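Here are my notes for you, written as numbered points. Please keep the structure open while you read, and look for each part as it comes up.

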Amino acid sequence: MGTETGNLARTLREFRMASTTGPPGARTLWITDLGLQPYPYVLSLQKTLAGERRLMHIPDVLLFTEHEAVFTVGRRGGTENLLVSADFLEKRKIRCEATERGGDVTYHGPGQLVGYPVLRIPGGSRRVRHYVNTLEEVIIRTLERFGIRGTRTPGQPGIWAGGGKIAFIGLALQ
């Protein structure tokens, strides 16, 4: 078993050991902080968890992680949209990874917390807009607790604060 596969299997075992049962009728959510991880490992973990969730073998999951420096390129993007040169990336050992989410190019790096929910959206695809709005509202309320005023800007996805984007939501629906 390769190192990455062994790590993935160990993580899944840890998820199962951490599982708890809530009151009758409540949904269970597994939450874990993976720490600093390479993007390909977390993507592989998400895909495995999504398959397990689709088969109803596990409850909803929320992964938190930081990534080693990486640019992810969404379905509507391309490396030509990077604002830095290949030489810049090579000198700093920053990778570019294609991803299945929508959108263009996004940077992830140490110190930037990323949350990846792997869950069934009640009501399915008809409820995706509601789901995104709910996530945005959770982010805005969390920022408020830290004294930061987050806002939505029409036509600009994500949450904005102080003139810049503080949070974004990228989805891959299956």
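1. Helices (H or I, at least four residues) and strands (E, at least two) are DSSP runs, numbered from the N terminus. Lying across rests on contact, meaning heavy atoms within 4.5 Å. For the angle, axes are lines fitted to C-alpha atoms, for helices over the stretch in contact, and angles run from 0 to 180 degrees between N-to-C directions.

2. A word on where this comes from: the model is predicted, so local features need pLDDT of at least 70 and side-chain atom pairs count only at pLDDT 80 or more, while totals for chains, interfaces and linings use all residues. Residues are numbered from 1 along each chain as its sequence is written, and side-chain values use heavy atoms, with hydrogens and water left out.

3. Two strands pair if DSSP finds at least two bridges between them.

4. How do the strands of this sheet pair? Strand 1 and strand 2 (residues 60-67) are parallel, over 7 bridges, and Gln37 has His67 in strand 2 as its bridge partner. Strand 2 and strand 6 are antiparallel, over 5 bridges, with Leu62 opposite Pro117 of strand 6.

5. Which residues of strand 6 are on its covered face, and which on its uncovered one? Val114, Tyr116 and Val118 are on the covered face, whereas Gly115 and Pro117 are on the uncovered one. In a regular strand the side chains alternate between the two faces of the sheet.

6. Glu66 is a residue of strand 2. Its relative accessible area is 30%, so Glu66 counts as partly exposed (buried is under 20%, exposed over 50%, partly exposed in between, with a 1.4 Å probe and protein chains only). Leaving aside residues up to four places away in sequence, Glu66 touches Gly35, Leu36, Gln37, Pro110, Gly111 and Gln112. Asp33 is 33 residues from Glu66 in sequence, and their C-alpha atoms are 8.9 Å apart.

7. Now find the other open sheet, whose 3 strands have the order 4-3-5 with mixed pairing. Strand 4 (95-98) and strand 5 (105-108) are the edge strands, each pairing on one side only. The twist averages 25 degrees from one strand to the next. Strand 3 (residues 70-73) and strand 5 run antiparallel, joined by 4 bridges, and Phe71 has Tyr107 of strand 5 as its bridge partner.

8. Next, look at Phe146 in the loop between helix 4 (128-145) and strand 7 (151-153). Phe146 is exposed because its relative accessible area is 67%.

9. To finish, step back to the whole chain. The protein chain has 4 helices and 9 strands, in the pattern α-β-α-β-β-α-β-β-β-α-β-β-β. Of its 174 residues, 32% are buried. Among contacts with a separation of 6 or more, 71% join residues 24 or more positions apart.
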